[in-house]
Amino acid sequence: MQQVQKGFTLIELMIVVAIIGILAAVAVPAYQNYTLKARFTEVVNASTPFKTAVELCVQTGSCVAAGAIVVPATGARGNTDVPNDSGVSGNITSVTVGAAGLITVVPVAANGIAAADTYTLTPTRTATGGVTWATGGGCKTAAATGGSIC
């Protein structure tokens, strides 16, 4: 009479455990980087109303002097439609707009994001009267992810 094998052999189980271990070693760091970038999305989105306002201000000429972008100080922005600087909100410590239209967003230090991981947008006026933006700040050199988180 022939005996039918029931269950798995020890070697088969060890192979399955090894495969799961290899997959976990690759997936966990990738997932951590993904979640950090997802949390940083709130920081990037906080700049949107300020970015739109500066673009509109430049296109209407309210923030242009001698061909350069000039945004009045907070509280004196009057008819420029650029909102005053913003304070703490959610995961954002502050949002400021500098004299040359530089937008700086400082995040709350939590969940893998440091206060030094600022997000900056630097405007440049184009020849056609539009605006191009360059991103920068501490988020570009975030060491926690081995690269940019913005």
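## Disulfide

A disulfide is a pair of cysteine sulfur atoms within 2.5 Å. In this predicted model, a search of the whole structure returns one such link. Cys57 and Cys63 are the partners, with an S to S distance of 1.7 Å. The link of Cys57 and Cys63 is right-handed, with 80° about the S-S bond. Both cysteines, Cys57 and Cys63, are buried.

## Nonpolar core

The largest nonpolar core comprises 25 residues, of which Val82, Ile103 and Val105 touch the most other members. Two or more residues of this core come from each of the helices α1 (10–46) and α2 (48–60) and the strands β3 (92–97), β4 (103–107), β5 (119–125) and β6 (131–136). The greatest contribution is that of α2, which supplies five residues.

Ile103, one of the residues with the most contacts to other core members, belongs to strand β4. The relative accessible area of Ile103 is 0%, so this residue counts as buried, the limit for that class being under 20%. Beyond its neighbours within four places in sequence, Ile103 is in contact with Ser47, Phe50, Lys51, Val54, Val95, Thr96, Val97, Tyr119, Thr120, Leu121 and Trp133. Thr122 lies 19 residues from Ile103 in sequence, and the C-alpha atoms of the two are 6.6 Å apart in space.

Once residues up to four places away in sequence are set aside, Glu55 touches Val131 and Trp133. Between Glu55 and Ile103 themselves, the separation is 48 residues along the chain and 12 Å from C-alpha to C-alpha.

## Cavity

The structure holds one cavity of 30 Å³ or more. The volume of the largest cavity is about 60 Å³. Its lining is formed by Arg39, Val43, Asn91, Pro107, Val108, Ala110, Asn111 and Ile113. Classified by residue type, this lining has five nonpolar, two polar and one charged residues. Arg39 is the charged member of the lining, while Asn91 and Asn111 are the polar ones.

## Loop between β4 and β5

Asn111, one of the residues that line the largest cavity, is located in the loop between β4 and β5. Although Asn111 is not a glycine, its phi is positive, at about 55°. The relative accessibility of Asn111 is 54%, and the residue therefore counts as exposed, as that class begins over 50%.

The loop between β4 and β5 also contains Ala114. Ala114 is partly exposed, its relative accessible area being 35%. Leaving out residues up to four places away in sequence, Ala114 touches Pro107 and Ala109; Pro107 is among the residues lining the largest cavity. Ala114 and Gly138 stand 24 residues apart in sequence, with 9.0 Å between their C-alpha atoms.

## Loop between β1 and β2

Ala66 is positioned in the loop between β1 (64–65) and β2 (68–69). The phi of Ala66 is near 55°, a positive value in a residue other than glycine. Ala66 counts as exposed because its relative accessibility is 91%, and the exposed class covers values over 50%.

How values were computed: Residues are numbered from 1 along each chain as its sequence is written. This is a predicted model: local features need pLDDT of at least 70, side-chain atom pairs count only at pLDDT 80 or more; totals for chains, interfaces and linings use all residues. Side-chain values use heavy atoms; hydrogens and water are left out. On a 1 Å grid over the protein atoms alone, a cavity is a set of points where a 1.4 Å probe fits but cannot get out, and a pocket is an open set with protein on both sides within 12 Å along at least five of seven lines; lining residues have an atom within 4 Å of a point. Grid points are joined across faces, edges and corners, and a volume is the space filled by probe spheres set on the points. Buried means under 20% relative accessible area, exposed over 50%, partly exposed in between (1.4 Å probe, protein chains only). A nonpolar core is a set of buried Ala, Val, Leu, Ile, Met, Phe, Trp, Tyr and Cys residues joined through side-chain atoms within 4.5 Å. Helices (H or I, at least four residues) and strands (E, at least two) are DSSP runs, numbered from the N terminus. Contact means heavy atoms within 4.5 Å.
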